[in-house]
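Dear colleague,

I am passing on a structure that you have not worked with before, and I would be glad if you could look it over alongside the notes in this email.

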Amino acid sequence: MLAPDLMHELELGVWKALFTHLVRVLYAAAADGSLVRELDARFRQISTFGGDTIRNFSNNTSEMKKLAARDYEDILQCSIPAFEGLLSVEQGNNEVSKLLYRAAEFHAFAKMRLHTDETLDHLETTTKQFGKQICHFRDNICTKFNTFELPSEVEKRNRRMARQVRHTAGAATSQPRSRKKKGLNLHTYKFHSLGDYVRFIRFFGGTDSFSTQPGELAHKLVKRLYGTTNKRQIEKQIGTRVRRLERAKLAARRRAIQRLKSVQRRLVVHREESQPQQPQQTPDLQENEEDRDPKFFVSPSRNYGMDLAQMLKENRGNPAYENFIRKLQDHLLGRRVNRGFDGDAHEDFTDEDRNSVRIHGNRIYEVRTCRVNYTTYDNRRNFDVINPRTHPDVMALSQEDDREIRPFWYARVIGIFHARVMTDHARASSKGWEWMPFLWVRWFGAEPGYTPSFTHARLPKIGFVQWEEEYDNYAFGFLDPGQVLRGCHLIPAFHLGHTTELLPHDCPIARQVKSENSSTQDWTNYYVNIFVDRDMVMRHFGGGIGHQSQGSTVQHAPLDDDSHIPEEEHSEQPDDDPVETDIQQIDRTLMEMDARGDDGEIDEESGQTDGTAVVDSESEEETDEDSDDEGEDELPDLD
């Protein structure tokens, strides 16, 4: 069977042809090329994402010079905000935006490594919608413009004709020819093969199993080695070079193993000869010895210490530092008393509660990056590196009531800190000094009156929370790194321009992203690029196997309620609040049950409350029979 090739037929075929014709439409809409120059300028302002997920775009993206399939993929994933507003509504701006959304949606779902029946059904529906949308674009939008060849296409055709004339007529040369009229051609095999993707995925699995992309990636090595040859007997020289590289790698590996063994032998001898007594450290100065949270990594470096009093004195009048200490105390105390994440809206905290929080030396320490680990939709481990200057945007689970519409909160990290904190609050889980990292963020808010959805082909649209001179303003705040799901890719809504109303101050700390280059203005809105990778698509679509559940919001009891009840009695009483279920929590629950001597049976009501599937050993056979219908709904979603 002739399987479809996603890289050559979709990325280098259908999408390249569509993007080329969209550039022709922009030339037809503005003959002076101003719209095309604006398109190139917008692509240059789009920030990178990940290690190599979204790379820097060239200065002239519209000319499509020396682009590989991965470059066309980046253009597709970022094209919706770049094209929006270039054409008027009468010229088909809404239709073009919807067409680009369906193209990116089809590409994302067709390229997934792991599918379910729900994603395949959605891909089949998207295929039909994309086909109807592109036919509507050809029949109703393209007819409004007289589109001709691009300048690069004219030059390429003239060079081809000149070569043909030289071969046939010797030294004679051909005259440059004028531009030909061009339209969008959908009568190609590459376009008609889009309807075969769902069928072949059901037969053979994900498209990565029958795509030519893995083999094409081997061209990188060959092209790199080609530059080291003298262009004579190329195959022999490349083969010799490859053998030398392989032998060098094997030799380096053997040397590394030998060094490791010698170091281990010296350590064993050293331990046997002397056992130096470890100096006793005071509780105030001892390092953090507890296990670090596997969800993230923040360096414990103390190279950049900051005295809180001095920092606030130097930044007096800066809106980002308003109520800095109070917000930080609310955040740290909420974590120490095990309050669920709610955006630090701890309105029941009193000044006495806040004063119970002590920061060692009144100093916090700043680090450059934070690595957030997460599980992808196909149960793979991955991570995002958060950097306030290059990749500052993060996402966390929303705690609003309309979580089905807006499942995530978004924030821009403007500082990464850690400190040693203690509290003597009555509800604190521990009273000693603890190492606590935290993120200083500027919050985004959802655009009022705007509803994103896959149905209406609309990306999530957000904007910075407006700063106001109020005591309870939460334009700036703090975030636990453990609450961060992963980094996110935000693209400015270029057609809406800049504004100074959201933060009418010169505040470099809040505007330190390199790609924006402004300390006085903000973009009015941003679009969340849900198509930046397949994992991000599944987080917004829902149903990712490795993703955390997006259930109802966590309800919190008032701070003073039941403060007299011991911790043991709290653990035995039924809890009506949803509990975050993870492997560590399950292990702790089993250990407590063993210590109490329980028989492991949990009543039906509490099992449903915790969202954890509990299996009785005596009824294991009955449970196995019903697992296909009920077991999957009861298993906890782990992130």
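Predicted model: local features only at pLDDT ≥ 70, side-chain atom pairs only at ≥ 80, totals over all residues.

Residues are numbered from 1 along each chain as its sequence is written, and side-chain values use heavy atoms, with hydrogens and water left out.

To begin with the sheet, three strands form an open, antiparallel arrangement in the order 1-5-6; strands (E, at least two residues) and helices (H or I, at least four) are DSSP runs numbered from the N terminus, and two strands pair if DSSP finds at least two bridges between them. The edges are strand 1 (296–298) and strand 6 (381–386), each of which pairs on one side only, and the twist from one strand to the next averages 20°. Strand 5 (residues 370–375) pairs with strand 6 in the antiparallel sense over six bridges, with Cys 370 opposite Ile 386 and Val 372 opposite Asp 384.

Turning to the helices, the axes of helix 6 (residues 117–141) and helix 9 (residues 197–204) come within 9 Å and cross at roughly 155°, where axes are lines fitted to C-alpha atoms, for helices over the stretch in contact, and angles run from 0 to 180 degrees between N-to-C directions. Helix 6 and helix 9 are therefore roughly antiparallel to each other, a label given to angles over 145 degrees. Their contact (heavy atoms within 4.5 Å) involves Asp 117, Leu 120, Asp 121, Leu 123 and Glu 124 of helix 6, together with Val 198, Ile 201 and Arg 202 of helix 9.

Finally, a search of the whole structure finds five cavities of 30 Å³ or more, a cavity being a set of points on a 1 Å grid over the protein atoms alone where a 1.4 Å probe fits but cannot get out, and a volume being the space filled by probe spheres set on the points, which are joined across faces, edges and corners. The largest cavity has a volume of about 50 Å³, and its lining (residues with an atom within 4 Å of a point) consists of Leu 22, Val 25, Leu 26, Phe 83, Leu 87, Asn 93 and Val 96. Helix 1 (6–29) and helix 5 (93–110) each supply at least two residues of that lining, and helix 1 gives the most, with three.

With best regards

Notes. 1 Å grid on protein atoms, 1.4 Å probe; cavity = no way out; pocket = protein on both sides within 12 Å on 5 of 7 lines; lining within 4 Å. Parallel < 35°, antiparallel > 145°, perpendicular 65-115°, else oblique.
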